[in-house]
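Let's take a walk through a protein model together. Have the sequence and the 3D view ready, and follow along one stop at a time.

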Amino acid sequence: DIVIDSISVVVAEAGAEEQHHHRDHDRLFSEMPLESTLPPYAITIMVPLTTFDEDTGTTMLDPGTHHDGAHGEPVAGFVPKGGCYLMD
């Protein structure tokens, strides 16, 4: 079952500084070694109202961190206007 818990808007103005590297939320069960095998408890969908590309910038994603917490090489979430991507 899916529950829509919140809806928010992120506004970044032209020329804004890069945001610091951070997690969007704390780990729920950090003391449990099985945490990485549990299904996602929060999924974020990003729907840009403008194209996210090299010129406009975008959210940087850390694939795999929801499994083991390790930080690999960040990936740019480039997506065209009206497209979308999901994050766990």
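Start with Leu28, which counts as partly exposed because its relative accessibility is 41%; buried means under 20% relative accessible area, exposed means over 50%, and partly exposed lies in between (1.4 Å probe, protein chains only). You'll find Leu28 in the segment before strand E1 (44-46). Strands (E, at least two residues) and helices (H or I, at least four residues) are DSSP runs, numbered from the N terminus.

Before going on, a word on what you're looking at: this is a predicted model, where local features need pLDDT of at least 70, side-chain atom pairs count only at pLDDT 80 or more, and totals for chains, interfaces and linings use all residues. Residues are numbered from 1 along each chain as its sequence is written, and side-chain values use heavy atoms, with hydrogens and water left out.

Now zoom out. The protein chain has 1 helix and 4 strands, and from the N terminus on they run β-β-α-β-β. How much of the chain is buried? Buried residues make up 12% of its 88 residues. The chain exposes about 7,700 Å², and carbon and sulfur atoms supply 57% of that; the areas come from the Shrake-Rupley method with a 1.4 Å probe.

Ile2 sits in the segment before E1 and is exposed, with a relative accessible area of 81%. Ile2 and Ala42 are 40 residues apart in sequence and 9.6 Å apart in space, C-alpha to C-alpha. Glu54, in the loop between E1 and strand E2 (60-61), is exposed too, at 68% relative accessible area.

Finally, head inside. In soluble globular proteins, nonpolar side chains tend to be buried together. Here the largest nonpolar core has 5 residues: Met46, Phe52, Val79, Tyr85 and Met87. Such a core is a set of buried Ala, Val, Leu, Ile, Met, Phe, Trp, Tyr and Cys residues joined through side-chain atoms within 4.5 Å. Leaving out residues up to four places away in sequence, Met46 touches Phe52, Thr59, Gly83, Cys84, Tyr85 and Met87, where touching means heavy atoms within 4.5 Å.
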